[in-house]
Each structure stands twice: as C-alpha cells, then as structure tokens.
Amino acid sequence: MLNQLTTSTSGDSPIVEPTIQQLNALQRWWNSINWESILSLIIQKSIAIGLLILLFILLARIANFSIKQMFRNYQRSKASEVRLTTLKTLVLNVTHYTLSFFFIYALLSILGVPVGSLLAGAGVAGLAIGLGAQGFTNDLLTGFFIIFEQQIDVGDYVILSNINIEGTVTQVGLRLLQIRSIDGTVHFIPNRNITTVSNQSREARRVIVDVRIDPSEGIEGIREAIDKANQSIAKMYAEDLQTQPTIFGTVDLGNSNYAIRTTLYVENGKQATVQQELLTLSIFELTKAGYSIPNTPIVLK
C-alpha cells in the first residue's frame with residue numbers, strides 16, 4: 001500500500017514523499033524487532049522476580065517468627081515488658097531493613113541495573129553521612145546494650161559519676177537517658193556520654209544508725225535501750241527489712257565523739273525512712289531510760 005501511495009503521489013506533492021519515507025523507516029524498525037526474544041526475556045525476568053519475592057516473604061516470616069519466639073522465651077525468664085518491647089522492636093526493624101536492602105539489591109541485579117557502580121558512587125556520600133552521624137550511631141549502640149544488659153530501669157536511682165549527675169531515671173531510650181534530680185531538674189543525657197553507671201536501686205540497701213552516747217553512763221544499759229528501739233523497728237517494718245537490726249557496737253566518730261552503731265539491710269527505697277525512724281526511736285528510748293544525748297564533744301578522763 002505504501003508503494004502504491006508512493007507511486008501515485010510521487011509527482012503530485014513534495015510534502016507527501018518525506019512522510020512516506022518516515023513511515024517506511026518506522027515499518028523497517030518495527031519489523032526488525034525480535035519480539036520472540038523480548039517476550040522470552042520478559043517471562044524470564046517475571047519468573048525470577050516472582051521467585052525473589054516469594055523467597056524474601058518466606059525469609060521475613062521466618063525471621064519474625066524466630067525473633068518473637070526468642071523474646072517470648074526470654075520474657076518467661078527475667079526481663080521486664082518495657083525492655084522486651086523496646087528490644088523486640090529494634091531487632092525487628094534492623095532485620096526488616098537488612099532484608100529490604102538485599103531484596104532491592106537482588107531486584108536491581110535481575111533487572112540489569114549496574115548495582116556495583118551505584119554502590120561505589122553512593123559510597124562517598126555514605127562515608128560523609130556516616131562520619132556526621134557517628135555520634136548518633138554511638139548513642140543507638142550504647143542505648144541498645146544499656147537496655148539489653150538491664151543496666152538501668154525506669155524508677156531506678158542512679159549516679160553517673162563521669163558527668164556528675166544523679167537522680168531518678170524517668171525514661172530509657174535508644175538515644176537518650178532522662179534523669180530527674182532531687183531538686184526536680186530533668187537531665188537529657190545522650191547515651192554515648194554514659195560510661196559508668198552506679199545503680200542504687202537493685203539490691204537491698206544497708207542502713208547505718210549512729211546514736212551518740214556518753215560511755216561513762218554505762219554501755220550495757222545504753223545497748224539495752226537501743227535494742228528496744230531495734231525491736232520496735234523490726235515489728236513496724238517487718239515486710240521491708242531484709243535483715244534484723246543488729247547492734248554493731250561502740251564506734252569512735254572522732255573529736256571525742258562516741259556512738260552506738262546499729263546496722264541492717266532494708267528493701268531498696270525504704271532506707272531513708274527506716275534510718276530516720278530508728279534514730280528517733282533510739283533517742284526516745286535512751287531519753288526515757290534516763291540517758292543523755294551529748295551535743296558537745298565528750299572528753300573522757
């Protein structure tokens with residue numbers, strides 16, 4: 001048909017001939033395409049991509065099941081729910097990001113994209129970003145191990161000696177630790193700045209009560225009066241005491257000051273209350289028994 005159109009119009013119009021040439025060129029290009037090869041390639045790529053998707057879906061499900069099962073078993077043993085939730089979320093996110101990276105890498109390779117060249121080009125930019133985000137990465141790693149190793153929990157009273165901060169922990173995060181001091185100040189501390197943690201809220205706390213005495217009034221009678229105070233404290237705080245109050249003996253506080261010392265271990269958080277109450281009861285029993293409480297240095301002759 002194109003030949004007939006060319007023959008019939010070749011001498012009639014100078015505009016028709018270029019149009020016919022373009023149509024002929026398009027027809028030759030169309031006929032030169034190996035449609036069988038293209039269709040075969042599309043089928044091969046589609047099958048490869050389908051298998052790749054199925055493989056990574058299977059890997060993702062296996063990873064999710066394994067991680068959840070691991071944390072379920074760990075929860076039965078010893079960890080708190082808040083810590084487990086944080087750790088599980090972190091591990092799941094890292095796993096998903098890792099699988100996504102390898103999926104995209106494999107997909108681009110199947111499609112024939114030069115992934116190696118792209119990664120080499122992105123390496124320089126990645127290096128610059130990595131150097132800038134080094135502190136952020138350190139925060140995340142330190143925060144992960146703080147949570148995983150159960151170093152700190154919300155509500156613990158901790159001392160960070162390297163930065164001279166102490167107080168009650170209000171939040172434990174992967175990047176920041178929040179601490180509220182006794183005066184109400186809230187400190188936001190990047191995890192990378194935490195090097196030494198002194199946690200005072202984990203084990204039973206020792207209470208020491210020193211009651212100043214005048215040894216010349218009779219040590220044995222003073223001990224009996226203080227022992228009555230100890231017995232009263234043991235009854236009042238029976239649920240909070242880890243050990244019974246024990247009279248350690250007479251101690252020299254220096255500058256001619258002498259005291260009867262009582263020691264005991266109490267549940268964490270109760271030490272201040274028990275210490276104050278025991279000191280009050282000891283002074284009350286001594287005063288009731290007629291013994292004096294010195295308020296000046298004692299000079300024994």
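Predicted model: local features only at pLDDT ≥ 70, side-chain atom pairs only at ≥ 80, totals over all residues.

Residues are numbered from 1 along each chain as its sequence is written, and side-chain values use heavy atoms, with hydrogens and water left out.

**Entry 1: salt bridges.** I took a salt bridge to be a side-chain nitrogen of Lys or Arg within 4 Å of a carboxyl oxygen of Asp or Glu. By this rule I recorded two salt bridges.

I looked up Arg261 and found its side chain in a salt bridge with that of Asp210, at 2.7 Å from N to O. Arg261 belongs to strand β8 and Asp210 to strand β6, so the pair links distant parts of the chain, 51 residues apart. Arg261 is partly exposed at 23% relative accessible area, and Asp210 is partly exposed at 26%.

I then turned to Arg192, whose side chain meets that of Asp139 at 2.6 Å, N to O. Arg192 lies in the loop between β4 (186-190) and β5 (198-199), and Asp139 in helix α6 (residues 134-148); the pair therefore ties together parts 53 residues apart in sequence. Arg192 is partly exposed, with a relative accessible area of 41%, whereas Asp139 is buried at 2%.

**Entry 2: nonpolar cores.** I used this rule: a nonpolar core is a set of buried Ala, Val, Leu, Ile, Met, Phe, Trp, Tyr and Cys residues joined through side-chain atoms within 4.5 Å. Which members of the largest core touch the most other members? Of its 20 residues, they are Ile226, Leu241, Leu264 and Val274. Two or more residues each come from β6 (205-213), α7 (219-236), β8 (257-266) and α8 (271-288). Helix α7 gives the most, with six residues.

I listed the contacts (heavy atoms within 4.5 Å) of Leu241. Leaving aside residues up to four places away in sequence, Leu241 touches Ile233, Ala234, Leu264, Tyr265, Val266 and Val274. I also recorded a second, separate core of ten residues, including Ile152, Val158, Leu177 and Ile179.

**Entry 3: the chain.** I counted eight helices and eight strands, these being DSSP runs (helices H or I, at least four residues; strands E, at least two) numbered from the N terminus. Of the 301 residues, 25% are buried.

How values were computed:
Buried < 20%, exposed > 50% of the residue type's maximum accessible area, 1.4 Å probe, protein only.
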